[in-house]
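This report covers selected strands, helices and backbone features of one model. Please read it alongside the structure shown here.

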Amino acid sequence: CWDLAKLEISFMFEYAVLPVHWMTLLSFAGDTAEEWTSRKVSSWLGVGEQTALALLVQLRRLRDGQFQGTGPVPIRPPTPSRGLPKRRCHESLDRSGDMPLALAIRRAVDEVFEEPLDRACRKKRDTELCRLCAILLANEEEEIEALSFAATLTDIMLSGNSLTVVMDPRTPDAHGAASQSLAFCWSKASRLRQFFQDEWFTLQVRFESTCGDLVQADESPLVFWLGLLQESYRLLGYFDVAPWTKVWAINYIERLTSNIQEEITRIVNCAQTPWSAQEVCPADMEAVSTVHYPPRPYPSSLVMAHRALAIVGGAPPALATRSRIRVLHSNSPILKVLGGLFAEIRARATVAELDGNVMEVELVIEPSLPIGLTPLLLDTVEIGVIDIRLNRAYVHLNAPLVPLCRDALLNRSCWRTGICAEASLSQGIATVKFSVMEAAFCYPPGARVRLATNTFGPLSGLKLRCATVVHLEETTGKYTIRWDNEVQSEFDAPEADFVEGNHVVDEVVSYSKGERIICMEHSATVDAVVVQNLAGETGEADKSGQHRLCKYKDPTEEWDMDLNPFNHVTCGPLLHTSSRDEEIRRYRAFVKAKHAFLWTVTSDRSDVLQGPVPRLVDDAGRQIFFWSDIQALVSEDMFSPGWLVVGQPGSGKSCLLCKLVMHCLTLSTVLLPVLIPVIDLCARLQKLGGDDQQSESGEASKQLGRLSASHEEDGEGLICWYLAMVFGDDTLRYAVLRQNLQCHRLLLLFDGLDEAGSLLPRVERCITGLAAQDHRIVVTATRRAEDVSIESTRRSSSVGGLTPSWLKTQPELFRVTELLPLERDCRRSLAEALLSGEQQLNHEDISTAADFCEEFISSLPGDEWIQWSTPMMMSILIASWRTQMLHEKQGKDLQFDRGARTSLAAGRRQSLVLEVPDAQPKEEADQNGAAKPGSENGSRPSRWKSAVNMIGLVRSVESAKRLQLDTVTKSVYGVALDLLLRRFQSRQQADRHKMKATVQIFKELLELVAAVLDARCDSHFTEADVVPLLSLFKIDEQVWKDLSLAIQENRIPLLHARKNGKEVSFQFIYGSFQRFLGRRGKPRLK
């Protein structure tokens, strides 16, 4: 704090220029040379003593009217010199009143610095000229303006009743040209204060997490004010500080000492009292301690089902039916306070069971229920009472309605079998099965919803608006609503008809008086304090979520605002709008630098925005337009369900997430992307579970204890814990990200959900909870063999065929898409993107590389071209081509190239023989093809020989092509296997030094396995097939463990692992790859 005080005093009272009128200078300094010398006026002005005395002479002439000067005043020296920087004096010279003074200053400087001048003297002359013009070229009005602005800055510098408030000063109002220097220096000093505030925030959070609560003395502004006092009182003794600046300093010191005395009086009796956020509240408001916002609890199954129903949609009943059900709901004293989907009961089909005995049910509909009977519960909701007499159940209800539970929302067959409610009787548990007919959405006044206007159908990609239910219009059967933050009269109030697929339920936001929040409207943020909760204090249900707010730094400015989970965040006592916005800018720059480039399998860095556009299909096989999906994903008011992207290994799933990060930073000003590698999340969770003695600090340690004991905090709680582990729970970045999570302004990207291992159910539950809480999430996963793909038979439920088997909690909350293989144009585009950064390659070389990839892929047997049409395998093909080009440039042609050239040369020689004209005369044959008399032994004509030679040529060329293809395949697979094994081994940090030897052992083991499989004409193997080879060839068992783990984690996409219970089977994906390895391992196996 004291170092900051020293810098601030230096900026404001020593470096800043306070302009004055030249007559004020004479009144302070005198009008004789002796007075100017004794008072060191030259130090006031920052010029040499000779310049100061020369200026005195010119000012006396100007005062006595003896100054003679005509013509324009030269702004720059007459001799060539470096140009002067722009100063306020250049604008002031246009005024006629300042021209004699400017000419006097110029003459005084020219008298001291006579031509010719060297470069150093010329620079010194220009500097002194600028200083004199900046200080003295001011009239009386500008002098008063500058001193008034200095007084305003004094108020700002010494305002605040806590250290946190002091370090967040307000911005001064507009100022004139005479105050530019003061404003500039204060902008630097205030930035230093805000920087200190960020560090102070981090220090306080760390202190609270380790040592306990802060006390009043820790947050007292005396910590800073005493440093200011120590540095400011010295100004009065400095001879180089101008007297008019000392006048300002005296006023500043008086105000400072007064504030210090008041603070000492206040804090003397409460120095050790725990500090809270009450100091930041306006004086006329009740102070409420602001705590960190806790994560939302995990959503219930009913909430998930309601959201899933909005995504799936459905056919609503007739409007008359909906109107009848809603009137019954509004007239029921018990049900009218509940919201959701309500169904009408069919009394004749309703039955009750007690200890296996089925009884008839008699429904009694009455406004008030009898007292003393057993409550009848449906999903913990009391819907009525029950009384059993003479083997007959009497069910008393307010209305013939029941709220639908989770299973009944998405499965209409439950409506016929019955909605079960239970009652605990002395004889046992009585179960009442209500058979229901049609259902309609009913809500009480004050319920909060997000509604798509004039739309009936699935909500995906639609704009939603937040609204409050006012009341039911019984004549129309619709609800009157009030849109958030929109002025509307009672006569034109909008109406809404809530059906499946046009709305979702929103949470009700309520704050107490004095709580601090940050209001956000698009990208603008305002620090605010709650003045009044209009719904809570007035009791008007239609004002649910509406609060009266005032500005934190200006309590006189008030306004009413409808608060919803998307337009505000709670604000801790240490986090303000300025520090939050600055941290967001830093985070966006950090994320852009981290994810703008991607390391390929060949260890090359590639721009994620280059290359082809990903091709995606949904579960119906329809291709998705990628750009429209991105626009809907990053739009602030779009409804976005969870997005799950599946694909084969190396299909570009991680690259897709990086593209989403970059497009989110470009297209959205409110969303912040957070990319979470699932393997990292699970590793931290497993480390937590395996190390009970691990010591953690702060808020994260408390969450760790809860997470290790139960799954109650899965969802937002798990994300908060992960962010605390990555960024630190005592950092400003964690606080900002947690705030954005609260207001749904994070784009959560989960990479590689299939890598969760044993924690897959928990991570799946987490992402499902986030999707149910309106968070934007995108998840990628590798499509396993046991999962259903678009080519297979689709399920008969509402869940599409792409949905993997492990998505169990609520699959309807996700839109599942699959990454398609690259087409020809996409493959060429990817090849150009991978090679565009190499300056030694021209366009012809890049085209040759693309042709090489296309020829190899088109020659693959069966469906292997699909597996090779992925970004990873294309990178391997490019690496193989690059290796071939490198050898050719070094004069070392590859073996397959030499063999191919030899075979092709033979073919060319045969074609040349065929092209030579036949020297012998052609024999003519008769029409039957028999040889004419005179031919030797009836030999065949030369035309037949030419056909035979042509067939031999074709066979030779085909043989040469097969030989070339086989050799190219060997080269490509050799490069691919080496790259993939090196990629896997590079993740083993401890074994990087022996990478070459380990990779070679991996190759030898795979060659032996492939040779065994070729011998028995199979492509599947298990660990039982590998263990004998380990002992026979003396290979360490750990080699197989590492290799099998890499295959199961899809680190080597040339092989595939499939679990069948506890047994794991492995398979070579490419038959050509298996044959390639088998030929290399067969000699060793023999």
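## Basis of the model

This is a predicted model, in which local features need pLDDT of at least 70 and side-chain atom pairs count only at pLDDT 80 or more, while totals for chains, interfaces and linings use all residues. Residues are numbered from 1 along each chain as its sequence is written, and side-chain values use heavy atoms, with hydrogens and water left out.

Helices (H or I, at least four residues) and strands (E, at least two) are DSSP runs, numbered from the N terminus. Two strands pair if DSSP finds at least two bridges between them.

## The sheet with β1

In β7, the bridge partner of F342 is P403. The two strands involved, β1 (residues 340-345) and β7, pair in the antiparallel sense over 3 bridges. They belong to an open sheet of 3 strands, in the order β7-β1-β10, with antiparallel pairing. At its edges are β7 (401-403) and β10 (436-442), each pairing on one side only. Neighbouring strands here are turned by 35° against each other on average, direction ignored.

Helix α15 (residues 319-330) packs on this sheet. The helix touches β1, β7 and β10. Contact means heavy atoms within 4.5 Å. The direction of α15 makes about 70° with that of β10. Axes are lines fitted to C-alpha atoms, for helices over the stretch in contact, and angles run from 0 to 180 degrees between N-to-C directions.

## The sheet with β11

A second open sheet has 5 strands in the order β14-β13-β12-β11-β15, again with antiparallel pairing. β14 (495-496) and β15 (503-505) are at the edges with a single partner strand each, so one side of each has no neighbour in the sheet. Strand β11 (residues 448-451) pairs with β15 in the antiparallel sense over 3 bridges. V505 in β15 is the bridge partner of V449.

## Helices α7 and α8

α7 (residues 99-112) and α8 (residues 119-136) pack at an angle of about 150°, with axes 10 Å apart. That makes the pair roughly antiparallel (the class for angles over 145 degrees; under 35 is roughly parallel, 65 to 115 roughly perpendicular, the rest oblique). α7 passes α8 in a right-handed crossing. Right-handed means that the near helix is turned clockwise from the far one by less than a right angle; anticlockwise is left-handed.

From α7, L101, I105, R106, V109 and D110 take part. They meet R125, L129, L132, C133 and L136 in α8. By class, this contact has 7 nonpolar, no polar and 3 charged residues. Ala, Val, Leu, Ile, Met, Phe, Trp, Tyr, Cys and Pro count as nonpolar, Asp, Glu, Lys and Arg as charged, and the others, Gly among them, as polar.

P116 is in the loop between α7 and α8. A cis peptide bond joins E115 to P116, with omega about 0°.

## Positive phi and burial

Helix α2 (residues 22-29) has W22, T24, L25, L26 and A29 buried (under 20% relative accessible area; exposed is over 50%, partly exposed in between; 1.4 Å probe, protein chains only). G30 follows α2 and has a positive phi, near 90°.

N485 is not a glycine, yet its phi is positive, about 55°. This residue lies in the loop between β13 (478-483) and β14. N485 counts as partly exposed, at 41% relative accessibility.

H744 has a positive phi near 60°, also as a residue other than glycine. H744 sits in the loop between α25 (732-742) and β27 (746-751). H744 is buried, with a relative accessible area of 4%.
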